[in-house]
Amino acid sequence: MGAASLFIAPAPGASADWWPADLRSPNSVGSQNGARYAYFAQQRRLAIEANGHVTVYDTLDHQIGGFSQQQSAGGSMSFNSQHGLIDVASLPVISIDGVARQVAAPGPTDAATPRTAAPQPPAPVAQEPSVTPASDAKRLTSNDDIFATIEKLAALFDKGVLSKAEYEAKKTELLGRL
C-alpha cells in the first residue's frame, strides 16, 4: 500500500506559486485561517495572501523562524526572528497585488507620524486605503471628518494594519484638532 499524501496538485494550467514571480522560491510557506504566507530570506521579503490579494512586505533585517496568528476579530499575524516577536503590521509594505507602494522619506517634521496603510486594491481586502497621510492632514476640518477618520483608523487597527501605538498616536493627534 502506497504512502498517503495531503498534497493537492494545482489545476492543469494553474501555477501553485501565488506570490510575485520575481521572488522566486520561498524558504518557507504556510497558511493559517484562510491566509497564506511565503518567506524569501535572500530577497528579505514576506508575501501574504489574504482575501485573494497578495501583499509583499520588506522583512528588513529579520531572519524569520516561525509564524503565529491571533484568533481575534481583526486577527494579526506575527513572526519570530532574532529580534523576538514581530507584528507583520510593523513591516514596510512593498506592494499589493503587484502594485508598488509609494513611500515618501520622512522629513524632520513628520518623523513621528505613524506609517499609513498601503493603497487599497481594486476589490475589498483586509487592508484599507491610507487614512490620513501628512499631505491630507490639513483637509480634515470638520468634526465629522475627524470622527470618520478615527473610525477608519480603528478599522485598520482591528485588521492588524496599524499597531496599537500607531493607532493611539494618530487618534490623539486627530482629537487634538477638535
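I'll start with the surface. The accessible surface of this chain comes to about 10,800 Å², and carbon and sulfur atoms account for 54% of that area. Keep in mind that what you see is a predicted model. The chain has 178 residues, and 34% of them count as buried.

Now the secondary structure. There are two helices and nine strands.

Six strands make up an open sheet, in the order 1-2-3-4-8-9, with antiparallel pairing. Which strands stand at the edges? Strand 1, residues 28-32, and strand 9, residues 99-100. Each has a single partner strand, so one side of each is left without a neighbour in the sheet. In general, strands of a sheet pair through backbone hydrogen bonds, either parallel or antiparallel.

Strand 1 pairs with strand 2, residues 35-40, in the antiparallel sense, over five bridges. Within this pair, G30 stands opposite Y37 in strand 2.

On contacts: if we take those in the chain with a separation of 6 or more, 42% are between residues 24 or more positions apart.

Last, back to the surface, and to a nonpolar patch. Which residues form it? They are F147, L175 and L178, and together they have about 260 Å² of accessible area. F147 belongs to helix 1, which covers residues 143-158. Its relative accessible area is 40%, so F147 counts as partly exposed; the cut-offs for that class are 20% and 50%.

Conventions: Residues are numbered from 1 along each chain as its sequence is written. This is a predicted model: local features need pLDDT of at least 70, side-chain atom pairs count only at pLDDT 80 or more; totals for chains, interfaces and linings use all residues. Side-chain values use heavy atoms; hydrogens and water are left out. Patches are made of residues with over 30% relative accessible area and no salt bridge: like charges are joined within 9 Å, nonpolar side chains (Val, Leu, Ile, Met, Phe, Trp, Tyr) within 5 Å. Accessible areas come from the Shrake-Rupley method with a 1.4 Å probe; for residues, only the protein chains shown count as cover. A salt bridge is a side-chain nitrogen of Lys or Arg within 4 Å of a carboxyl oxygen of Asp or Glu. Helices (H or I, at least four residues) and strands (E, at least two) are DSSP runs, numbered from the N terminus. Buried means under 20% relative accessible area, exposed over 50%, partly exposed in between (1.4 Å probe, protein chains only). Two strands pair if DSSP finds at least two bridges between them. Contact means heavy atoms within 4.5 Å.
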